[in-house]
Number of protein chains: 2
Amino acid sequence: MAASAPISKMIYVGPFVHSRSLTELEIGENGAIGVDENGIIRFVERDFHEGFEKLMAYVEENKDEWVHAKVVKIEGNGFFFPGFIDTHVHAPQHPNTGLFGKTTLLDWLKKYTFPMESSFSSLPRAHRVYQNFVSRTLSHGTTTCSYFATIHVPATNALADICLKRGQRAFVGRVCMNSDLSPEYYRDESVESSVRDSKASIDYIRSIDPNGEIVKPIVTPRFSPSCTPDCLSAMGKLAQETDTHIQTHISENKGEIALVQELFPSSKSYADVYDTHGLLTPKTILAHAVHLSPQERKIILARKSKISHCPASNTAITSGCAPIRELLNEGHTIGLGTDISGGFHPSILENVRQAIWVSRHLAITTNDSAKLSTEEALYLATRGGAAVVGLEEKVGGFEVGKEWDAQMIQLGEVKQEGNEDGIFEEGPVDVFGWESWAERVEKWVYSGDDRNTVAVWVRGRLVHNTSRYTGAEGTAAP
Amino acid sequence: MAASAPISKMIYVGPFVHSRSLTELEIGENGAIGVDENGIIRFVERDFHEGFEKLMAYVEENKDEWVHAKVVKIEGNGFFFPGFIDTHVHAPQHPNTGLFGKTTLLDWLKKYTFPMESSFSSLPRAHRVYQNFVSRTLSHGTTTCSYFATIHVPATNALADICLKRGQRAFVGRVCMNSDLSPEYYRDESVESSVRDSKASIDYIRSIDPNGEIVKPIVTPRFSPSCTPDCLSAMGKLAQETDTHIQTHISENKGEIALVQELFPSSKSYADVYDTHGLLTPKTILAHAVHLSPQERKIILARKSKISHCPASNTAITSGCAPIRELLNEGHTIGLGTDISGGFHPSILENVRQAIWVSRHLAITTNDSAKLSTEEALYLATRGGAAVVGLEEKVGGFEVGKEWDAQMIQLGEVKQEGNEDGIFEEGPVDVFGWESWAERVEKWVYSGDDRNTVAVWVRGRLVHNTSRYTGAEGTAAP
């Protein structure tokens, strides 16, 4: 299987940037990171000064076993950064990206989402869209995704196959939805068929990646209104029996919250619906969490369930502003989600910016403490997301023992004459040369895009690169 | 001079899209637009079906004089769209794009802006930054800019030279600022020197483009707190005497408004400061207008002054949400501004999105009617901006008699196999083939970027193109 094909020992030489804590970035200007044949980081040097000969001498002196490693060097303006983690994304909605018109959540589902998802009964369509979308998310530096698929088992399994083949870490969930909120043409027939189909997809995904090194199944009840109470309970039971992650939506939009109250009159709250059906677990990812009550936040915290913040989506379909500062202060575990296609962009970097904008809009209407800093938003996109999907020991930063899920960022360099020809092959970020490293990172965050992500690795395997990536050069000792 | 070099008669064949009104886009799926040697649109056909032979026959039958015109055809997924108009942008702040940290307006000026702008006493620096920035804005499809430069006459004149040479329509303003709000190292010495230097730059710009076909001067008092009362009056007088446009800032941030009240205690309001100093004219562009009182809005409307909405900037530096729906309802003339580097992106397309997001945040906190539609935001970016800079008879849409300021947009096409290689040379927009034309336009608006702007024309002259632009082919009758 391609994802487990052998790789060489590698040394990544150049600046690296990652979160030291929620509020602090570490910028190792002269880094060297050694990654072994299993994609595991074995050493992280911070004071290594670039230069091939120095590297050889260093390696011989310090790490005999690395003498034959290959070397990937940053040339020019660039740095290594942890791969992004998208904690909430609907892969089949990719063709609807940017289409939402004047709708909000519930009419948007009916107008755009259900018709598109139902077409994934066609396996060729599923293959075309998923192949394209996995390429897109990888190109934006996303090394881990928690995917909602559709209700169809073959199409869901095809998405898992593609992620495994391409080497993108993924949670892949067959969507469960059996209530009559969904149109007759697109819903599970019965509770029994919901369980059977979800189980079938779990089994398939575990058969192709038994240790869950790249792809894992995830139990995916769409959201409360899409499922009958007995179906929610059955999903809770299935997740428990199979020891599987769970993902769903919560408290995205006020109309939705009213609907949940109407459909589940005996429940104390939206969160209580999930809690009383066995769906609030430490392995549960709750997307949105825009309008939670204090009581709901307490129960989510007590159950150790996780929150996926989807700022681009919440703005685009006018759902509201999730109070991330308050949730962080209370101790919630939070990552970012693109929520394609409620969200309008498959990039987590765009959602880093959007998280910052949403926090500024909260600051405008409430108080200044709502503002998220650049550092905080980058933390949510990496270590925060890793914790949301339960991979905080494996990915999200560069430490010995973690796996090499990383992107190589390259910025542009403004010529002395100032690009008179108007061609910007190096992408959208202009570096003049006098910027500090912290400023280079900020320029990337606020004006960068996929052109700046020139190479992407998952577990040490190169899974995406642009023509600007020059590849591994020689070995430490040729 | 390059900007006035002769061009051929041209026929632009393919779909075109422009605003019919504030709320309505016209999509001419089978368009043919004839542009003469002066860059003037001479015919606009809506039902022309593509094909070179048909074009020749059509031309022979209908427009003898066009038989020898060259033809530019849209191939694949694309359309012609009017060039964008950036009604408020600080060219010297380009190197600070994306750098604002945790600041708001007044501390941001001191920390980032004044040190950068003062360095434009160096002409080589000015040349490098301005050359780069004009290339950037052209690459984003911006055909007209209203530029703030710095206080330096030589650097300001260099910006005008570059715009003229590159063919970008521009208003270029030497910044006037003589009060002690600005640091001693970066301000005008006296009212006399303010007037003398502003006048020198006006004279220079009128000497290089006597009819103002491409570049025009604009009187630019930075904002009330930057100028003493007598300096503001002198600028009002200078604009009147020289019949020049005026640009400045108004009511961006609450701290700024309080400062204006403190500095101009006898004035009724921020708008009143400008009005009583002769600066509120039909040729005045007021940037931001976030927190105007009803009285201020009335006086601005009565004076027929124009408003530049800078949504990305207002969000990034937490200024607030300009109530564009209300201002439109009252009859104000409004365009979009990137406000580099308060704004974090030189693209008006990004600011189309940001205008929509800001309006959604207003909808979240006030009511749904605040929302701007895609059509409305595109109108602000084109016809709205044209009216703000007084060019509504010349640019902003495709009608006979207007000048050909346009961009060719090309979208991407998803292969049947779904881009398995992960290379997206056609840019960020994925078209699957089943989308309506309105949906293609929406996909461009919400996920497009400069990669989709493959060619740009001003007054019929090609001023930017990427490698995807294949150029003019043959002539209508070879």
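1. B:Arg136 has a relative accessible area of 2% in this predicted model, so this residue counts as buried, being under 20%. The partner of B:Arg136 in a salt bridge is A:Asp430, and their closest N and O atoms lie 2.8 Å apart. The pair joins two chains, because B:Arg136 belongs to helix α3 (residues 123–139) of chain B and A:Asp430 to strand β17 (residues 430–431) of chain A. A:Asp430 is buried as well, at 8% relative accessibility.

2. Within chain B, B:Glu26 and B:Arg46 form a salt bridge in which the closest N and O atoms are 2.3 Å apart. B:Glu26 sits in strand β2 (residues 24–35), while B:Arg46 sits in the loop between β3 (41–45) and α1 (52–62), so the contact ties together parts that are 20 residues apart in sequence. B:Glu26 is buried, with a relative accessible area of 8%, whereas B:Arg46 is partly exposed at 40%.

3. B:Arg42 and B:Asp36 make another salt bridge, with 2.7 Å between the closest N and O atoms. The arginine, B:Arg42, is partly exposed, its relative accessible area being 43%. B:Asp36 counts as buried, at 6% relative accessibility.

4. In chain A, salt bridges with shared partners link A:Arg169, A:Glu213, A:Lys394, A:Glu403, A:Asp405 and A:Arg459 into one network.

5. As for the total, searching the whole structure gives 58 salt bridges over all chains. Side chains of opposite charge can pair when their charged atoms come close.

Key:
Residues numbered from 1 in each chain as written. Chains lettered and ligands numbered in written order. Predicted model: local features only at pLDDT ≥ 70, side-chain atom pairs only at ≥ 80, totals over all residues. Heavy atoms only, no water. Salt bridge = Lys/Arg side-chain N within 4 Å of Asp/Glu carboxyl O. Helix = DSSP H or I, 4+ residues; strand = E, 2+ residues; numbered from the N terminus. Buried < 20%, exposed > 50% of the residue type's maximum accessible area, 1.4 Å probe, protein only.
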